[in-house]
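Please open the model in a viewer and keep the sequence at hand.

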There are 2 protein chains.
Amino acid sequence: MAAAGHPISSVGIGVPGLFDYATGEIIFFTNLPGPWEGFPLRTRIAESLGTSTTLINDARAFTLAEATLGAGRGCRTLACLTLGTGVGGGLIIDRKLHFGAYGVAGEIGHQTLDPEGPLCGCGNPGCMEALTRPPVIARQAGKETFEEVLVGFDRGEPSCIDALDNAMRHLAVGLANIITIIGPERIVIGGGVAEAGERLLQPLRAEVRRRVTLVPPEAISIVAAELGPYAGAVGAALSSQGSVVGDAEFLHGEIPSATRRRGVPAP
Amino acid sequence: MAAAGHPISSVGIGVPGLFDYATGEIIFFTNLPGPWEGFPLRTRIAESLGTSTTLINDARAFTLAEATLGAGRGCRTLACLTLGTGVGGGLIIDRKLHFGAYGVAGEIGHQTLDPEGPLCGCGNPGCMEALTRPPVIARQAGKETFEEVLVGFDRGEPSCIDALDNAMRHLAVGLANIITIIGPERIVIGGGVAEAGERLLQPLRAEVRRRVTLVPPEAISIVAAELGPYAGAVGAALSSQGSVVGDAEFLHGEIPSATRRRGVPAP
């Protein structure tokens, strides 16, 4: 295998869901059809290509890329969010991608914003994802796609304005929570909302600043991602190198084994 | 000044609110009366006692103490919550007390759980604190104090059961959010709810496990604090030593200057 004449030294795959770090098997994908549970993705790819292969959640890959080469460069503490089919997230804390004790930390999109809200693909009612993902916004606005909602928004169609206002209000609460809990130097937003640019980011910032009372409003920084639709692929490649790139370190030693089979005792 | 015949080498003060790290002046106290804004607490104490004096948020002091000597010993990533007059919080990440870019990270109690909910002392509607602090639970139950609510709960009084159920449901959503976002190895709870023991912790744990879909339920650990009502004082003393104690490091270098006067530019 070769790319532009260079041999491939390693493969990194951004995975849209959860997997077992120890075995490289899929646990579940929130928004992809199929029976994926237990699929040995890492082994299959590694054996097919004959290269060392790393899996990383796609939103954590996006985070690693934006922190290293994109809009989060130089930040010591950073939160990233990407609104696509789902709402993925990731955290850089003290210049390292944060995985937490279960390996799934950074799932900003799966905080509960409305305990009685619509069921999320993850099984929990009222997740930020269930309230703000672009396909939901499109459905609420009576459109086929998020892009059509933006066209309607620019034309002043009330259904599109309402659906976007509603989603941005929920998103603002979730980002205000992240600021209050984590205190990131910056928040980087990717996906559809970021592509819509300042017409969404500006009211979003205003609403977040209205919500956060413990941090000076002028210190709150919310910016669009810089690396475009391939940020996840860039981050997956970076993760496969296991190297320190720029300011953001990706340390394999930080990744805990999945705890699902360990049976850690309560309480 | 001397304590038990030993000279006092330093003073640490747990402060129930926000202060400016650079000047040692109070920014605001959420739940204490008085005009405190701008009060030069650190200078006044340091000059009066003639000792080096450190300020630390009281809930972050509680967190440092429980992480170092209490129920969070040995945890690499830990979340602590204490329910008293207010609802304070703190995070240990990678064995360090986490302050974030604004110096106020760890304010778990000021995440918004109900955007249209009751106004919190911090000025934001629907904070976890406004929905779960013991004085609010007492008022909802028609009692004078939280202790009376527990007595009524044990007697089977419906108003006390309802008020506690309601608060525990909100608390569970907030803790589920912390698990999903931060992935702490353990959550330590102090204050009234912890003193009530397993009669509250057990249903709380069950509700958190029902809410969290991305982490195996058996891996979720929620335990009562161990150091009692003086945990905050212990943590403040630890912070004044600026030393590494046990597994939890308290690094003064980690504390950023308050950003409120810095005027960090948008976006």
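How are helix 6 of chain A and helix 8 of chain A oriented to each other? The two helices are oblique to each other, because angles under 35 degrees count as roughly parallel, over 145 as roughly antiparallel, 65 to 115 as roughly perpendicular and the rest as oblique.

This is a predicted model, in which local features need pLDDT of at least 70, side-chain atom pairs count only at pLDDT 80 or more, and totals for chains, interfaces and linings use all residues. Residues are numbered from 1 along each chain as its sequence is written, while chains are lettered from A and ligands numbered from 1 in the order in which they are written.

**First selection: residues 158-182 and 198-211 of chain A**

These are helix 6 and helix 8 of chain A, whose axes come within 8 Å and cross at roughly 45°. Helices (H or I, at least four residues) and strands (E, at least two) are DSSP runs, numbered from the N terminus. Axes are lines fitted to C-alpha atoms, for helices over the stretch in contact, and angles run from 0 to 180 degrees between N-to-C directions.

Next, display the side chains. On helix 6 of chain A, the residues that meet helix 8 of chain A include A:Leu164, A:Met168 and A:Arg169; on helix 8 of chain A, A:Glu207 and A:Arg211 are among the partners. Two residues are in contact if their C-beta atoms, placed from the backbone, lie within 7 Å. The residues of this contact comprise eleven nonpolar, no polar and three charged. Ala, Val, Leu, Ile, Met, Phe, Trp, Tyr, Cys and Pro count as nonpolar, Asp, Glu, Lys and Arg as charged, and the others, Gly among them, as polar.

**Third selection: both chains**

The contact between the chains takes 46 residues from chain A and 46 residues from chain B. Helix 6 of chain A gives the most to the side of chain A that touches chain B, with six residues. That side divides into 24 nonpolar, 15 polar and seven charged residues. Because 100% of the interface residues of chain A are also interface residues in chain B, the copies meet through the same surface.
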